Amino acid sequence: TEAMQQLLEEAGYEIVPFHEKADVYIINTCSVTNIADRKSRQMLHRAKKQNPEAVVVAAGCYVQAAAEELKADLAVDVIIGNNKKQDLVPILEEYFKDKSDSSHVIEINETHEYERLSIHKIADHTRAFLKVQDGCNQFCSYCIIPYTRGRVRSRRPEEVVAEVKELAAAGYQEVVLTGIHLSSYGVDLGTSLIELIQAVHEVDGITRIRLGSLEPG
């Protein structure tokens, strides 16, 4: 969400609180449970109710899980699936031109590309959260994540280190490495989470490295 916010700010958009009337509302949806689905739908409808003339964008996991349903939802103007959020600004510009192309969803299980979304500043002034891995190969019977996030994709170590250097230069001393299935980082690149931690550790100015949730693997 912060990465998308930065893309918009760099393109000249002004970010306002949700309760204020806006021209564009972007709901970064979740689909990990039925409750998450419902809350995502509620937020989309709430946005359209606040300003019926606004462009309401549904992005993220619920879009992957329920694209056809959202296409038929009158409260939603644009849908953007996972691995397309990096194109948010050009998608909006295209929609403002002719309102024709409003659906941007790929077959997530067929991509091996890691979505390039980076951050340079973070709301938390002491700790930077850095996503380095996406997707899951486990396909547990109770879990929708592989269908909304796709297969394991890791961010290249050199890209992670470059972003950590930018964050360190901005004054951050602590980074939290996060992912959907973090222990599987690197299986698609021939490297490992341990090697990534070691590379981040070499960055001057970083004094603490934390890990997001780790599964038993």
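Modeller: Arg210 is partly exposed, with a relative accessible area of 34%. This is a predicted model, so read each value as computed. The side chain of Arg210 meets that of Glu174 in a salt bridge, 2.5 Å from N to O. Arg210 belongs to strand S8 (residues 208-211) and Glu174 to strand S7 (residues 174-179), so the pair ties together parts that are 36 residues apart in sequence. Glu174 has 11% relative accessibility. The cut-off for buried is under 20%, so Glu174 counts as buried. Arg210, at 34%, falls between the 20% and 50% limits and is therefore partly exposed.

Now the sheet itself. Four strands form an open sheet, in the order S6-S5-S7-S8. Its pairing is mixed. S6 and S8 are the edge strands, and each pairs on one side only. Strands of a sheet pair through backbone hydrogen bonds, either parallel or antiparallel. For S5 and S6 the sense is antiparallel, over two bridges. Gln133 stands opposite Ser154 of S6.

Helix H8 (residues 193-201) lies across S5, S7 and S8. H8 runs at about 155° to S8.

Back to charges, this time around Asp134. Arg153 forms a salt bridge with Asp134, and their closest N and O atoms are 3.5 Å apart. Here Arg153 lies in strand S6 (residues 153-154) and Asp134 in strand S5 (residues 127-134), so this pair ties together parts that are 19 residues apart in sequence. Both Arg153 and Asp134 are buried. For Asp134 the relative accessibility is 2%. Asp134 also meets the side chain of Lys131 in a salt bridge, at 3.0 Å from N to O. Lys131 is partly exposed, with a relative accessible area of 30%. That leaves Asp134 with a salt bridge to Lys131 and another to Arg153.

One further group deserves a look. Arg116, Arg155, Glu159 and Glu163 are linked in a network of salt bridges. Across the whole structure, the search finds 13 salt bridges. Among them are Glu174 with Arg210, Arg153 with Asp134 and Lys131 with Asp134.

Technical notes. Residues numbered from 1 in each chain as written. Predicted model: local features only at pLDDT ≥ 70, side-chain atom pairs only at ≥ 80, totals over all residues. Heavy atoms only, no water. Salt bridge = Lys/Arg side-chain N within 4 Å of Asp/Glu carboxyl O. Buried < 20%, exposed > 50% of the residue type's maximum accessible area, 1.4 Å probe, protein only. Pairing = 2+ DSSP bridges. Contact = heavy atoms within 4.5 Å. Axes fitted to C-alpha atoms, helices over the stretch in contact; angles between N-to-C directions.
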